[in-house]
Amino acid sequence: MQFKAALSTLTDTRAAISQLKAELGDLEPDLVLLFVSPHHLENADALLADVRDKINARNLIGCTAAGIIGGDREIEDAPAISIWAAKLPGVRILPFIIDQQDVTSLEGNDAWRDHLIVSADSKPGFIILPDPFSIDVEHCLSEMDDAYPESKIVGGLASAGRAPGENRLFLNDQVLRQGLVGVSLSGPIQIDTVVSQGCRPIGEPFVITKAEQNIIQELRGKPALEIVRSVFASASPTDQALMQTGLHVGRVVDERVEKFRQGDFLIRNLMGVVEQSAIAINAYIRPGQTIQFQVRDSKSADEEMRDLLTEEIAAMPTPPGGGLLFTCNGRGARMFGKPDHDIGLVNSIAKDCQVAGFFAAGEIGPVGHRTFIHGFTSSLILFRRPA
């Protein structure tokens with residue numbers, strides 16, 4: 001296997017593509033991922049044609065994004081193009097498109113497997129790049145999880161557009177304005193994921209005793225707002241300040257775990273108080289589930305990502321050679337006060353790993369045995385030779 005990540009910040013599109021080609025050298029990739037800032041979108045068809053002419057890839061997917069990642073740099077709100085190229089001998093690579101009509105019409109696991117032309121037995125990994133305005137991504141992820149229960153699905157939502165039709169998705173020679181593009185990988189390749197949601201738990205876990213849809217009414221038999229106030233009262237001044245600027249709820253993904261820690265929770269936003277005693281979150285919830293309140297700051301985000309990635313790399317029998325990083329457009333310099341945080345951390349721990357990616361409008365990755373859309377998250381997929 002060979003991997004190469006290349007980044008250009010040249011403002012002239014053709015010159016940028018030529019620079020990327022020079023950085024890739026003689027690599028003849030089986031798969032290319034292309035990430036483009038909106039500054040280069042005067043003619044997306046010509047851009048893609050030039051990429052395909054200069055970089056002869058068997059398979060290509062990509063999208064537009066507000067911020068671009070490649071090599072050791074994160075380029076936010078400035079012109080940039082990055083290319084991630086991989087030579088994957090023996091790996092079966094199958095690009096695909098899913099649109100909203102597919103999401104509503106495909107029924108059952110067999111229909112999804114037929115559409116994606118890959119069996120569940122091959123345990124494929126998936127990279128997906130949706131447009132957030134035109135497809136029900138959560139429903140799509142749920143169906144794919146059911147059809148491929150042993151697979152990992154990672155990706156990011158295109159982020160260059162602020163309205164329907166403004167994003168662009170790329171698949172081989174096609175430029176799309178809606179739906180989802182993706183690729184499945186199966187065969188002699190090992191895929192690992194690290195999903196860092198950037199929060200840390202405060203207080204203690206609570207079992208939900210009364211809830212309806214997204215409203216938590218009671219925790220341990222007490223009004224939910226009363227519990228929030230008790231957690232606030234016992235928190236440190238630092239955590240109290242963080243709770244006032246943004247409090248989150250972490251739902252335990254695997255209730256069988258004896259002691260919960262960072263990485264065991266699916267993080268969702270607390271939206272507000274309902275009926276003076278209940279709280280609303282941006283996810284459906286049910287009685288019997290366990291939650292713990294969470295806070296987020298740059299220190300917590302750095303520590304969680306560092307710990308999760310260090311643990312994952314240490315457990316690998318062979319090091320990763322390539323990776324794709326999908327990080328929230330609310331992270332970067334906005335969160336950490338300086339550029340290049342996430343890619344710098346990856347490079348410091350996963351040494352000699354060729355990584356590219358982009359700042360997403362929603363990050364896709366697994367928590368437990370299901371795949372979710374996240375916010376303020378760094379979702380990383382790593383590729384290596386099987387042990």
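Student: In what order do the six strands of the open sheet lie?

Tutor: This is a predicted model. The open sheet has mixed pairing, and its edge strands, S1 (2-8) and S11 (174-176), each pair on one side only.

Student: Which residue in S10 stands opposite Gly62?

Tutor: Strand S3 covers residues 60-64 and strand S10 covers residues 169-171. The two run antiparallel and are joined by three bridges. The residue in S10 opposite Gly62 is Phe170.

Student: What angle does the direction of helix H1 make with that of S1?

Tutor: Helix H1 (residues 13-24) packs on the sheet, where it touches S1 and strand S6 (81-87). The angle between the directions of H1 and S1 is about 150°.

Student: What is the volume of the largest pocket?

Tutor: The largest pocket is lined by 26 residues, and those closest to its centre are Thr193, Gly263, Pro366, Val367 and Gly368. Elements giving two or more residues to this lining include strand S13 (190-196) and helix H8 (298-314). By class, the lining has nine nonpolar, eight polar and nine charged residues. The volume of the largest pocket is about 720 Å³.

Student: Which element gives the most to the lining of the second largest pocket?

Tutor: The second largest pocket has a volume of about 560 Å³, and Arg251, Leu266, Ala283, Tyr284 and Phe372 are the closest to its centre among 24 lining residues. Helix H5 (137-147), strand S18 (248-252), strand S19 (265-274) and S25 each give two or more residues. With five residues, the element that gives the most is H5.

Terms used. Residues are numbered from 1 along each chain as its sequence is written. This is a predicted model: local features need pLDDT of at least 70, side-chain atom pairs count only at pLDDT 80 or more; totals for chains, interfaces and linings use all residues. Side-chain values use heavy atoms; hydrogens and water are left out. Two strands pair if DSSP finds at least two bridges between them. Helices (H or I, at least four residues) and strands (E, at least two) are DSSP runs, numbered from the N terminus. Contact means heavy atoms within 4.5 Å. Axes are lines fitted to C-alpha atoms, for helices over the stretch in contact, and angles run from 0 to 180 degrees between N-to-C directions. On a 1 Å grid over the protein atoms alone, a cavity is a set of points where a 1.4 Å probe fits but cannot get out, and a pocket is an open set with protein on both sides within 12 Å along at least five of seven lines; lining residues have an atom within 4 Å of a point. Grid points are joined across faces, edges and corners, and a volume is the space filled by probe spheres set on the points. Ala, Val, Leu, Ile, Met, Phe, Trp, Tyr, Cys and Pro count as nonpolar, Asp, Glu, Lys and Arg as charged, and the others, Gly among them, as polar.
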